[in-house]
Structures are given as C-alpha cells and as structure tokens.
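Have a look at it first.

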Amino acid sequence: MLVGLVPAGVLRKEGRAMNDLEMLEGAWLLVEDGRFAAYGQGEERPAADRVVDAAGRWLFPSFCDAHTHLVYAGSREQEFLDKINGLSYEEIAKRGGGILNSADRLHETSEEELYRQAMERVNEIIRMGTGCVEIKSGYGLTVEDELKMLRVIRRIKESSPIGVKATFLGAHAVGRAYRGRQAEYVDLVCREMIPAVAKEGLAEFVDVFCDEGFFTVEETAKILKAGQEHGLKPKIHANELAVSGGVQVGVEFEAQSVDHLERTTEVEIECLKGSKTMPTGLPGASLFLGMPYTECRKMIDAGLGVALASDYNPGSSPSGNMRMVMALGSIRMKLTPAESLNATTLNGAYAMGASAEYGSITEGKVANFFLTKPLPSLAFFPYAYQTPLIEEVWLRGEKFN
Ligand code: NIG
Ligand code: FE
C-alpha cells in the first residue's frame with residue numbers, strides 16, 4: 001500500500017482537506033536519482049535496475065519534524081526530578097536552570113563533541129521514520145556559541161542523508177551575562193548575532209521565544225525585523241506559558257509557522273485564518289510538562305491547516321519520536337489518523353518551508369520514505385502506537401542502515 005500521494009504543487013492541507021489521504025493498493029513506485037519518479041498500480045510497471053519487493057507492506061512518506069532543538073550538550077534529568085518533586089518549568093527557569101543550564105553545558109562542550117552527540121539523535125530519529133528535520137540554535141546565547149551550534153547544524157546537513165533546515169534562535173532566553181539587561185541582549189541579537197549568522201549563511205529562519213518571562217511582543221517584532229533585513233524568515237515560539245501575542249506578531253511578519261500554542265483563544269484562530277502561517281502543535285511537550293494540548297481539532301474545524309512536531313529538546317520534550325507525536329495527535333488532540341499523518345508529513349514540511357521537496361509521495365520530491373509491516377488499516381498505525389511497525393527506512397532512495 002502506498003500512502004500519502006499528493007499532486008505536485010499542493011504545499012499544505014487545510015481544514016477538511018486535512019482528512020484527505022490518497023492511498024494506492026497493489027502499487028509500484030519508481031525512484032530515480034534519489035527522487036520519486038513515478039508510481040502506479042498493477043502488473044505493468046516500468047523497467048528498473050533494481051527491484052525491491054515490498055509485498056503486503058505499507059509505504060509512507062517520511063515524517064517531517066518542523067520543530068526541534070536536537071543540538072544540545074548532555075541532558076537535564078536532574079530538572080526532570082525537580083519537576084517530579086513539584087517545581088514547574090517556569091520556576092526552574094527563574095532559578096537560572098532550564099535553557100541557561102543547557103547553555104552552560106554547551107559552552108563547555110567542543111564543536112566536535114556537540115556534533116557527535118547531535119548525530120546520535122539524528123540517527124535515532126531517522127530510524128524512527130523522520131526524513132526532514134528543522135533544528136534550532138538557542139543554547140549558545142553568545143555570538144560565538146550560537147555560531148558554534150549553527151555550524152554543527154550545517155555539518156549535520158552536509159554529512160547526513162536527512163533533510164535539514166536551520167533556525168537561529170538567539171532569543172531563546174537572555175544569556176547569563178546579560179541577566180537583568182534584557183534590552184541590551186535584544187540589541188546583541190539584532191546587531192551582532194543576526195548579521196554574523198547571515199554572513200556565514202548559517203540559517204534560513206529566525207525564531208523568538210515570545211512568551212511570559214521570556215521575550216515581549218515588542219522585542220519579538222524588533223528581532224523579526226532585523227532577521228527579515230538579513231533574509232531570515234520568522235518561525236515563532238508562542239503561547240506556551242501564557243497568551244502572549246506571539247501569534248499576532250508572527251502572522252504580521254508572515255512567519256512560516258507559530259509553534260506551541262498550548263494556550264490559545266478564538267482570537268488567535270481568527271488571526272491565523274487566511275494567513276500563510278502554519279500553527280504547529282507540540283504534543284510531546286504537553287505530555288512531558290503536563291500542559292494542555294494545543295487545540296488542533298478546533299483549528300482544523302475552523303478551516304486551518306495544522307502541523308505537529310516533536311520539539312525534541314532536553315527540557316520540555318526529550319524525544320524526537322514522530323510516530324508518538326502522530327499518535328498523540330489522534331489520542332489526545334482527536335485528530336483522525338489521516339489528519340495526524342498529514343500534520344506530521346506534508347504540513348510539517350510546509351511549517352519549515354520544505355514542502356516542495358518533502359512530505360509526500362509526489363513526483364520530483366526527495367525519495368524519503370519508510371516501510372511498515374502489513375497493517376490492517378491506517379488507524380492501526382497510531383492505535384498500536386508502541387508496536388515496532390516500521391521495518392525499513394529509505395532516504396534519498398537508499399536504504400538507511
Ligand atoms: O520549545 N519553550 C522554549 N523552548 C523549548 C524548551 C527549551 C528547553 O527547556 O531547553 C521548547 O519547549
Ligand atoms: Fe521549542
């Protein structure tokens with residue numbers, strides 16, 4: 001069974017169309033030069049140098065994970081224990097832990113070691129079915145360390161067959177040396193970090209953690225503007241901790257996506273209508289921090305497209321398992337299996353500006369896909385969410401071992 005066939009030119013699915021999922025039984029698929037070249041049904045198929053018999057199995061387009069922070073040093077299970085003992089994510093951050101804790105560790109870690117640790121995570125997510133991933137900086141928080149992170153991301157892009165999109169997130173938290181001097185830190189982001197990132201061509205997107213206790217709407221607008229002047233497109237962290245105004249500023253600046261949105265009202269949904277911005281839910285963070293789940297059901301019913309991503313990071317979502325994200329979309333957000341799959345493939349690709357190349361079985365797109373055991377139905381895939389169903393992963397038309 002071929003799943004996720006989408007005509008060329010369809011870059012995202014919105015509203016009711018999110019429940020459309022084209023499948024083809026008894027199909028063949030032709031891959032040429034690492035890209036999908038053709039597909040069809042029945043015995044008559046084009047000649048090929050190499051034939052792989054996938055009889056009975058299901059072939060899905062690889063997951064597209066539009067929001068991760070998978071370049072980080074070490075781990076933060078001590079804070080996990082603090083949370084078990086009653087501290088909140090915000091309380092840990094206020095004590096100077098959280099993102100600043102990761103920044104301290106990253107500062108002490110060499111670029112080489114950082115790359116090594118990040119590649120373990122990249123290989124882990126590839127094996128779990130991800131074929132394109134967005135990776136953010138944001139644990140540097142100094143000019144040098146932000147560049148160090150982005151160079152690691154560039155190296156991942158050059159050395160791994162997975163698709164990679166890089167995002168500069170200098171405004172993830174105020175760097176330790178600037179605590180109490182937030183305005184000066186914002187200036188540093190705008191005047192030094194962004195020009196340096198752009199000069200080396202290290203990122204395609206600029207992101208800001210626009211939320212209570214982090215960056216204000218005014219600061220966000222300033223940073224997005226500076227980013228725009230250097231050719232960086234916005235992606236936003238918004239409404240995770242409070243209704244922050246981040247969605248509005250994101251839409252105003254034509255952000256590619258606005259992410260988290262655990263706290264969102266009708267006003268934000270209205271604001272997103274008719275925009276190019278993809279609201280992106282991160283159910284792994286809701287699960288891990290015990291937050292409300294983003295109201296993706298309401299958004300789709302209002303006619304919006306939504307994406308779902310992992311938020312893979314050491315503080316709020318230490319997992320990059322997109323199959324689990326898809327399952328949570330159905331289990332906790334009440335998305336149909338088709339909607340959850342579209343949210344983690346085509347719309348995920350859109351949320352990182354990659355849907356012309358990834359996210360569906362479409363002629364000309366990069367041949368990233370996975371094969372599962374035979375399934376009784378599509379619903380079985382998110383339903384049997386822990387059963388190891390993914391058997392083979394292929395990237396750029398080659399089997400990944
Ligand atoms: O998307 N919310 C902000 N940033 C990350 C968490 C970062 C961290 O805790 O290390 C997130 O959840
Ligand atoms: Fe995040």
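On the surface, Phe80, Leu81 and Ile84 make up a nonpolar patch with about 290 Å² of accessible area together. Areas come from the Shrake-Rupley method with a 1.4 Å probe. Ile84 sits in helix H1 (residues 77-84), a DSSP run of at least four residues, and is exposed at 57% relative accessible area; exposed means over 50%, buried under 20%.

Some ground rules: this is a predicted model, where local features need pLDDT of at least 70, side-chain atom pairs need 80 or more, and totals for chains, interfaces and linings use all residues. Residues are numbered from 1 along each chain, chains are lettered from A and ligands numbered from 1 as written, and side-chain values use heavy atoms, without hydrogens and water.

Now for the iron ion (ligand 2): what coordinates it? His67 (NE2), His69 (NE2), His237 (NE2) and Asp311 (OD) do, at 2.0 to 2.4 Å; donors are N, O and S atoms within 2.8 Å of the metal (3.2 Å for Na, K and Ca). His69 lies in the loop between strand E6 (63-65) and H1, and Asp311 in the loop between strand E13 (307-308) and helix H12 (322-331), so the pair ties together parts 242 residues apart in sequence. His69 is buried at 2%, and so is Asp311 at 1%.

Asp311 also has a side-chain N or O atom 2.8 Å from an oxygen atom of ligand 1. The protein covers 100% of the 320 Å² of accessible area that ligand 1 has on its own.

Terms used
Patches are made of residues with over 30% relative accessible area and no salt bridge: like charges are joined within 9 Å, nonpolar side chains (Val, Leu, Ile, Met, Phe, Trp, Tyr) within 5 Å. A salt bridge is a side-chain nitrogen of Lys or Arg within 4 Å of a carboxyl oxygen of Asp or Glu. Helices (H or I, at least four residues) and strands (E, at least two) are DSSP runs, numbered from the N terminus. Buried means under 20% relative accessible area, exposed over 50%, partly exposed in between (1.4 Å probe, protein chains only). A polar contact is a pair of N or O atoms within 3.5 Å; within protein, one must be able to donate a hydrogen and the other to accept it, and residues adjacent in sequence count only if both atoms are side-chain atoms.
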